[in-house]
Amino acid sequence: MPLGPLDLGPHAGFILGAYAFTALVIAGLIGHAVRDRRAQTRALAALQDSSRPASQPPAERRA
Amino acid sequence: MWTRLAHPGHFLRWTAPLMPWLAGLSGALLAFGLYLTWFTVPPDYQQGETVRIMYIHVPAAWLGVFFYGAMAVSALGTLVWRHPLADVAQRAAAPIGAAFTLICLVTGSLWGKPMWGTYWVWDARLTSMLVLFLIYCGIIALWRTIEDPNRAARAIAILTLVGAVNLPIIKFSVNWWSTLHQPASIMRMGGSSIDPSMLYPLLEMILAFTLLGITLHLNAMRTEILRRRVRALTIREAERLDTGLPLGAVQGL
């Protein structure tokens, strides 16, 4: 199969399949890393917002 | 100095400005490596164009072993020094190492069919790499099973160190047994047996994959630290709610 100046010959399917699989796995790793990081950042921000009153002294909170 | 840099808070601070640079450099090296692989590397006299699969198979194999080695060192850090970042590093490395080991197995299989006439043989090198992948899967599964990260860390550190026995088996399997997999051709006595026109692009791809792996690992470590903070704050919030103190609800979690 010609690819630009390359002719990958009779085993083109194996070569392209190997690269496609690698690209898919690496894209999955990067995508998961980005999604996971966003989720943890959002969860941490929500928790910090909700626990903000805890920084006040107990007496003040009960008042 | 190392202790200070390895403190989770300091780690988050000093790695933050590094991340965009590492990601950019990984992308540039990978693009350059792919250019070399596809447009400058000549076909092999025996393998023909199929040799191009080696430029992803070999770096992936290297990273599969590299991350397990890193996990074994981190396991020592967890068991001997009980350093929290060692456990974080170990946990963050497992899925990345497993992914690269899977790439190694699949691309090797896709190379094997046209070259050997079969997708798989129970050869010592192939089997030891499959065992490595299964160990990775076992470690990831164990982490999901044990809820308390501190308890999980010790059990998994021991399992990781036991599994590290597989690393020299992977490396020397082609010397110890008669295998269909070819013997070492890059790191061997008397220098590499690969022609420079193929060797330098291969080394470039190994460097690109390594930098990409390290970038993903540092990012995963940073996320894991955040996850532990979320867990600690959630528990603290739940305890406060149990005691009946009038605090904000933990909405969205």
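**Notes on the predicted model**

1. Chain A has 2 helices and 2 strands, in the order β-β-α-α from the N terminus. Helices (H or I, at least four residues) and strands (E, at least two) are DSSP runs, numbered from the N terminus. The model is predicted: local features need pLDDT of at least 70, side-chain atom pairs pLDDT 80 or more, while totals for chains, interfaces and linings use all residues. Residues are numbered from 1 along each chain as its sequence is written, with chains lettered from A and ligands numbered from 1 in the order written.

2. Of the 63 residues in chain A, 16% are buried (20 or more other C-beta atoms within 10 Å of the residue's own, C-beta atoms being placed from the backbone).

3. Beyond four places in sequence, B:Ala60 is in contact (C-beta atoms within 7 Å) with B:Phe100, B:Ile103, B:Cys104, B:Thr107 and B:Phe209.

4. Helix 5 and helix 9 of chain B pack at about 135°, axes 8 Å apart; axes are lines fitted to C-alpha atoms over the stretch in contact, and angles run from 0 to 180 degrees between N-to-C directions. The pair is therefore oblique, a class left over from angles under 35 degrees (roughly parallel), over 145 (roughly antiparallel) and 65 to 115 (roughly perpendicular).

Definitions and conventions:
Buried ≥ 20, exposed ≤ 12 C-beta atoms within 10 Å, placed from the backbone. Contact = placed C-beta atoms within 7 Å.
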